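Dear colleague,

I am handing over the structure below, and after it I set out what was found. Please read the notes with the model open beside them.

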Amino acid sequence: MKLNRREFGFTLVELLMVIVVIAVVATLATGAAMRSVKQSRKKRVEITRSVLQSALTNYRTRENRWPWNSLPEKAPNADPNLRYFTGKDNAEVFGELIRKTADEGVPYLDFSGLQTDKVSAKAKSRSLRDYIVEHGAAGDIPLGYVDPDNPSKFRYFRIEYNITTDSVNVLEE
């Protein structure tokens with residue numbers, strides 16, 4: 001006796017092929033998304049660097065002086081006309097701008113996109129705005145950025161002052 005049986009559904013091989021195709025497409029999409037995120041992090045650092053440099057120049061124009069009290073020593077084997085504020089020392093440079101913006105309302109900086117190495121306990125972020133809301137604008141607040149290549153690492157902006165031209169550059173470390 002022959003049973004008339006209809007086949008319903010897909011074979012195991014067909015299901016595996018669909019899963020493999022979906023996995024390949026997901027892998028390609030994830031790689032493209034990660035490259036896009038990395039590019040946007042690099043662009044954010046570049047824009048922040050440019051904003052900080054403009055803020056320093058605006059301060060110099062408005063106050064007729066730079067926002068630091070003394071220059072660091074000349075770096076070994078460096079151009080004698082250049083001085084660098086590196087690492088957390090950039091707090092000496094940006095501290096006055098942060099204080100004047102927060103306390104006096106002088107519009108040197110927009111805190112929304114700036115980051116510091118100090119973490120706000122309430123907001124659990126490195127946002128300068130969150131830190132100032134929690135602690136005020138007093139004290140050392142160095143500015144930096146999250147490394148685009150290694151998001152678990154925080155880096156500081158380096159400020160280059162040229163004595164001859166009386167100009168500054170904000171650089172990435």
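Glu63 has a relative accessibility of 29% and therefore counts as partly exposed, where buried means under 20% relative accessible area, exposed means over 50%, and partly exposed lies in between (1.4 Å probe, protein chains only). Before going further, please note that this is a predicted model, in which local features need pLDDT of at least 70 and side-chain atom pairs count only at pLDDT 80 or more, while totals for chains, interfaces and linings use all residues. Residues are numbered from 1 along each chain as its sequence is written, and side-chain values use heavy atoms, with hydrogens and water left out.

Glu63 forms a salt bridge with Lys100, with 3.8 Å between the closest N and O atoms; a salt bridge here is a side-chain nitrogen of Lys or Arg within 4 Å of a carboxyl oxygen of Asp or Glu. The pair links distant parts of the chain, since Lys100 is in helix H2 and Glu63 in helix H1, 37 residues apart; helices (H or I, at least four residues) and strands (E, at least two) are DSSP runs numbered from the N terminus. Lys100, with a relative accessible area of 11%, is buried. Within helix H2, Glu96 and Arg99 lie 3 residues apart, about one turn of the helix, and their side chains meet in a salt bridge (3.1 Å, N to O). Glu96 is buried at a relative accessible area of 19%, whereas Arg99, at 28% relative accessibility, counts as partly exposed. These residues belong to a network of salt bridges that links Glu63, Arg65, Glu96, Arg99, Lys100 and Glu104.

Turning to helix H1 itself, its 52 residues should span 76 Å at 1.5 Å a residue, and the end C-alpha atoms are 75 Å apart, which agrees; the expected span is 1.5 Å times one less than the number of residues. The buried residues of H1 are Val45, Thr48, Leu52, Ala55, Leu56 and Tyr59, and they pack against helix H2 (90-104) and against strands S4 (143-146), S5 (154-162) and S6 (167-172), contact meaning heavy atoms within 4.5 Å. After H1 comes Asn64, which has a positive phi, near 65°.

Leu16 also lies in helix H1 (residues 12-63) and is partly exposed, with a relative accessible area of 46%. Together with Leu12 and Ile19, Leu16 makes a nonpolar surface patch of about 320 Å². Patches are made of residues with over 30% relative accessible area and no salt bridge, with like charges joined within 9 Å and nonpolar side chains (Val, Leu, Ile, Met, Phe, Trp, Tyr) within 5 Å; the areas come from the Shrake-Rupley method with a 1.4 Å probe, and for residues only the protein chains shown count as cover.

The structure holds 12 salt bridges, one of which joins Asp149 to Lys38, the closest N and O atoms being 3.1 Å apart. This pair again links distant parts of the chain, with Asp149 in the loop between S4 and S5 and Lys38 in helix H1, 111 residues apart. Lys38 is partly exposed, its relative accessible area being 36%.

Asp147 lies in the loop between S4 and S5 and counts as buried, because its relative accessibility is 9%. A polar atom of the Asp147 side chain lies 2.9 Å from the backbone nitrogen of Asp149. Not counting residues up to four places away in sequence, Asp147 touches Lys153 and Arg155.

Key:
Polar contact = N/O pair within 3.5 Å; in protein donor to acceptor, adjacent residues only side chain to side chain.
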